[in-house]
Amino acid sequence: MTSPVHVLGIETSCDETAAAVVADGRGVLSSVIASQVELHARFGGVVPEIASRAHIEAINNVVEQALADSGLAGGDIDAVAVTHEPGLIGSLLVGLMAAKTLAWVWDVPLLAVNHVYAHAYSPALEAEPIEYPAAALICSGGHTALYRCEGPTQLELLGTTIDDAAGEAFDKVANILDLGYPGGPVIDRVARGGNPAAVRFPRSLLAGQSLDFSFSGLKTAVLYHVHGTPGAVRSKKTTPGAAGLSTIRVADVAASFQAAVVDVLRAKLRRAAKQMGARSLILGGGVSANSALRAAVTELAGQCGCALRLPELRFCVDNAAMVAGLGYHYRRAGQVAGLDLEARATVRR
Ligand code: KG4
Ligand code: ZN
């Protein structure tokens, strides 16, 4: 039997500093995540300058902890995989520099990983390999994208958001409803006590065959519903804002907003799966932790006879195990990066 290939993964694209060691692309030996969420909470979103500074402070300890937890030494690592796109440029650079340094010191290949592709790979961690072709819906604070996947490293973008990402809409609506940050988990929880049919919020871009998304109109519709229409929109600073709504009203608005997002996501995933004859449906990214979305996609998979691949909850949020796992497939394919690998904030469509 050949010995397993151990890949160290590093992820710093947004506000989580993460490192992990994965064996043969699927066995997670360690996964360490240092979250900065408390640093950004009072700003209601991620502040890029604060994020990169916090990554610099955390990265060495996080990598050391991931190695220690895996029970391996630096010399046992066969390759270093790193998220180099897309993300906050200052944040990406911290992980990239750490990965380049380790790859150089250990004299092992450096593997370049796209953060969104890594989310699409996350259901394969600690699980059976994914059956392809697969339709992958990746929704997070920064991304909402649909892919046709022919393999772990062969992804074709079918549609993306033309404005806000789905997670961003959750965060902004939570802010409108005075529910705190990050908004996704709290809306998910509060919505359980509300009526999803209480308010009929708009479902954007459902007509025609488009696989793109738009959530800014929905966010504005919630804002007007809560604070009144333009002209009548009152500043949150001078009015009690959502605090003026009863608890049950807040729950109804949260549930109705969530239902609108889930309807659109489900419809587009269904359309993509049908078009490509998908064998699997993949959900990834922070929003894939949403209970209503998971339920809707579970039902959809049953209807279209596809295998449903949901990541474990610990692999829904930003983590480095998905980076190390996907990196393994680049190494197998001989797609190794040079030490001149660059960070890219955005990826051209
Ligand atoms: O993938 P992720 O950890 O980071 C990014 O790459 O952005 O996603 C974070 C996003 C946040 O917008 C957060 O509000 C959202 O995922 N999120 C959720 C839930 N848990 C996290 N959205 C809806 N429902 C949830 N349960
Ligand atoms: Zn992410």
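**Salt bridges and the domain contact**

In helix H5, Lys172 and Glu168 are 4 residues apart, so that about one helical turn separates them. In this predicted model, the side chains of these two residues meet in a salt bridge, with an N to O distance of 3.2 Å. Lys172 counts as partly exposed because its relative accessibility is 30%, and Glu168, with a relative accessibility of 25%, likewise counts as partly exposed.

The pair belongs to a network of salt bridges that links Asp164, Glu168, Lys172 and Lys219. Within this group, the side chains of Lys219 and Asp164 also meet in a salt bridge, at 3.0 Å from N to O.

Asp252 is buried, with a relative accessible area of 13%, while Arg249 is partly exposed, with a relative accessible area of 29%. The structure as a whole holds 11 salt bridges.

The domain assignment of the protein gives domain 1, comprising 6-127 + 315-332, and domain 2, comprising 134-311. The C-alpha centres of the two domains lie 26 Å apart, and the contact between the domains takes 23 residues from domain 1 and 20 residues from domain 2. The area buried between domain 1 and domain 2 is about 1,700 Å², and carbon and sulfur atoms give 74% of this area. Of the area that domain 1 buries against domain 2, 34% is supplied by Tyr117, Pro123 and Cys316, more than by any other three residues.

Between domain 1 and domain 2 there are 0 salt bridges, although 3 residue pairs are in polar contact, both residues being at pLDDT 80 or more. On the side of domain 1 that touches domain 2, the elements that give two or more residues are helix H1 (37-41), helix H4 (115-121) and helix H10 (321-332). The largest share of this side, 6 residues, comes from H4. By residue class, the side of domain 1 that touches domain 2 divides into 15 nonpolar, 7 polar and 1 charged.

Methods: Residues numbered from 1 in each chain as written. Chains lettered and ligands numbered in written order. Predicted model: local features only at pLDDT ≥ 70, side-chain atom pairs only at ≥ 80, totals over all residues. Heavy atoms only, no water. Domains from an automatic or database assignment. Contact = heavy atoms within 4.5 Å. Buried area = accessible area lost by both parts, 1.4 Å probe. Salt bridge = Lys/Arg side-chain N within 4 Å of Asp/Glu carboxyl O. Polar contact = N/O pair within 3.5 Å; in protein donor to acceptor, adjacent residues only side chain to side chain. Nonpolar A, V, L, I, M, F, W, Y, C, P; charged D, E, K, R; others polar. Buried < 20%, exposed > 50% of the residue type's maximum accessible area, 1.4 Å probe, protein only.
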